[in-house]
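Let's take a walk through this structure together. Keep the view open beside you as you read.

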Amino acid sequence: MSETLLSKAAVLERLPEHPAVKAILAWKPEALVDAKFDRGELTLTIAAEEIRSAAATVQSAGYNFFEDVTAVDWFPSSPRFQLSYHILSHIYKERIRLRVLLDSDAPAVESITPVWPSANFYEREVFDLFGINFEGHPNLRRIMMPDDWQGHPLRKDYPVEGYR
Amino acid sequence: MTETIGSPILEAPAATGAHDQHMILNMGPQHPSMHGVLRLVVEIDGEIVVRLYPEIGYLHTGIEKTCEAKFYQQVVPLTDRIDYLSPMANNLCYCLAVERLLGLEIPEKAQWLRVLLAELTRLNSHLIWLGTHAMDIGALTVFLYCFREREEILRIFDGLSGQRMMTSYFRIGGLSMEPPLDFHDRVQQFIKTFPEKIDEYSNLLTGNPIFRNRLQGVGILSAKDAIALGVTGPNMRGSGVDFDLRRDMPYSGYEKFQFKVPIATEGDCWARYEIRLQEMRESVGIIQQALDGMPEGPITADAPKIVLPDREKMKTQMEALIHHFKIVTEGFAVPAGEVYQGIESPRGQMGYYIVSDGTAKPYRVHFRNPSFATLQALETMCKGRMLADVVAVVGSIDIVLGEIDR
């Protein structure tokens, strides 16, 4: 399918049989905040406090392989941080993106390591470079930068030159 | 299993009762068998590994942050330096992602050349893996043989792009230049003799009792653990998970090629060794198909505002000169949106996530590199084995620290 669907209503109307959409609606329709289908990729925006359950839901719907999580800093707009989880299905041979939006003061979200242990390093990386906390992570320490480093380098307001 | 990649090892637990105290051993960051600057903190009971904790970040250069300050076309040389043993795979992944953001159609000849080069890169990368892995185990001869063949691949890359390792040959919208006239013959000559060379390595190693004993039954990873810990590529297929992005979610015209995806179910170092040897044979088949069926036509997309013009045109046509000037000084705007492009790199599933805000510079670039996730599975593979097996396992999972730390 090559068309672009930019609203939740359009996605629900055109893709009601999509396994991930179906599973999320069957589990908790109000957790699905927004949805879009763009450039062949389905993005489901999930309410921040529901991400761990949403991950478990899509996992049992056949999206069995966690590939990647990373953040985007939309400074200075609000909500500031966007987390993008990329999850692959070996059965359907396709990928979905779960998206979570977080505010700038003390951004925190539940860790999905109980669902996919492979998220361990990825969440540590986001914690290190963006300063987003993952509650329930077994070892939330800096991974790239030294342990005593100040600041989070991939934030947009992190100075790239001069004295810090 | 979740706790296996949990807390760091800071000090050894005190001795209790009749048991001796465990010892903490640092392997690396400077250690000949660590394939770069990987530091492993190992807690050992005599010679048995009790816990193992990888400490990374020694090679962190912040490439993702650097990308945000560059034009889209200026990021291509940076991608070479992420996984420096398979530059073309990184170039390919980045270019495909940006082309999807732009909605750009790539001519067929460029696609076939990209597939050919991606497979040559796979051979190049697997040759280094085989050589260094065998050398870690003590079979030095194979290392020299592998580097002999790798040298020929690097010479082909040199003739193609002017660089042996950091090729930067791929461009957004196609390739940087036509391949030289002798390119076809050199590649044909190389892959004609290469299957015999694989037999040669196999004769030295497969029947070698020392090599076999060091690998068989060592570093076992179950299919369930492989998926739970994010292991991809040959390591995952060695554990019996039948998935390959080239076949299952084809990109860049891979659906037009016939090849097998080797699978093994044992999940030990030996399975991974056999799978990579078979993958090399399959790659030779793909390269042969690409050479035989190479279509005619241009090697860049017809998009003058994105692809730099020929030198010839730039010197003779006013329009081309203006386009050249605009691209170099201002870049080209990419429509807002986000794209995640996955490819099967020599080490596993590589993914580039690019977020565009509609300007000429990427708003956010993120690389999902296979070695980073594979490293999480190291403790599961080494636990309860001898310390010397750690060296065999690290060699067999084929990690590159450049792409772990980025």
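In the hairpin of β2(B) and β3(B), which residue takes a positive phi? This is a predicted model, and in it the residue is Gly46(B), with phi near 65°. The hairpin leaves two residues between its strands.

Strand β2 of chain B covers residues 39–45, and β3 of chain B covers residues 48–55. The two run antiparallel and are joined by seven bridges. Strand β1(B), residues 23–27, also pairs with β2(B) in the antiparallel sense, this time over five bridges. Strands of a sheet pair through backbone hydrogen bonds, either parallel or antiparallel.

Ile24(B) stands opposite Glu43(B) in β2(B), and Glu43(B) in turn stands opposite Arg51(B) in β3(B).

Put together, these strands form an open sheet of three with the order β1-β2-β3 in chain B. The edge strands are β1 and β3 of chain B, each pairing on one side only. From one strand to the next, the twist averages 20°. Helix α16 of chain B (residues 387–397) packs on this sheet, touching β2 and β3 of chain B, and its direction makes about 150° with that of β2(B).

The largest nonpolar core has 159 residues, and Val98(B) and Val393(B) have the most contacts inside it. Helix α4 of chain B (residues 108–137) gives the largest share of this core, 15 residues. Leaving aside residues up to four places away in sequence, Val393(B) touches Val218(B), Gly219(B), Cys269(B), Leu378(B), Met381(B) and Cys382(B).

Finally, look at some backbone details. Most residues other than glycine have a negative phi, and most peptide bonds are trans. In chain A, the loop between β3 (65–73) and β4 (81–89) holds Pro76(A), and Pro79(A) lies in the loop between β3 and β4 of chain A as well. The peptide bond from Phe75(A) to Pro76(A) is cis, with omega near 0°; the bond from Ser78(A) to Pro79(A) is also cis, with omega near 0°.

Arg39(A), in the loop between β1 (32–38) and β2 (41–46) of chain A, has a positive phi near 55°. Why is Arg39(A) called partly exposed? Because 15 other C-beta atoms lie within 10 Å. Ser168(B) sits in the loop between α5 (140–161) and β4 (170–171) of chain B, and its phi is positive too, near 45°. Ser168(B) has 19 other C-beta atoms within 10 Å, so Ser168(B) is partly exposed.

Technical notes. Residues are numbered from 1 along each chain as its sequence is written. Chains are lettered from A and ligands numbered from 1 in the order in which they are written. This is a predicted model: local features need pLDDT of at least 70, side-chain atom pairs count only at pLDDT 80 or more; totals for chains, interfaces and linings use all residues. Two strands pair if DSSP finds at least two bridges between them. Helices (H or I, at least four residues) and strands (E, at least two) are DSSP runs, numbered from the N terminus. Axes are lines fitted to C-alpha atoms, for helices over the stretch in contact, and angles run from 0 to 180 degrees between N-to-C directions. Two residues are in contact if their C-beta atoms, placed from the backbone, lie within 7 Å. A nonpolar core is a set of buried Ala, Val, Leu, Ile, Met, Phe, Trp, Tyr and Cys residues joined through C-beta atoms within 7 Å. A residue is buried if 20 or more other C-beta atoms lie within 10 Å of its own, exposed if 12 or fewer, and partly exposed in between; C-beta atoms are placed from the backbone.
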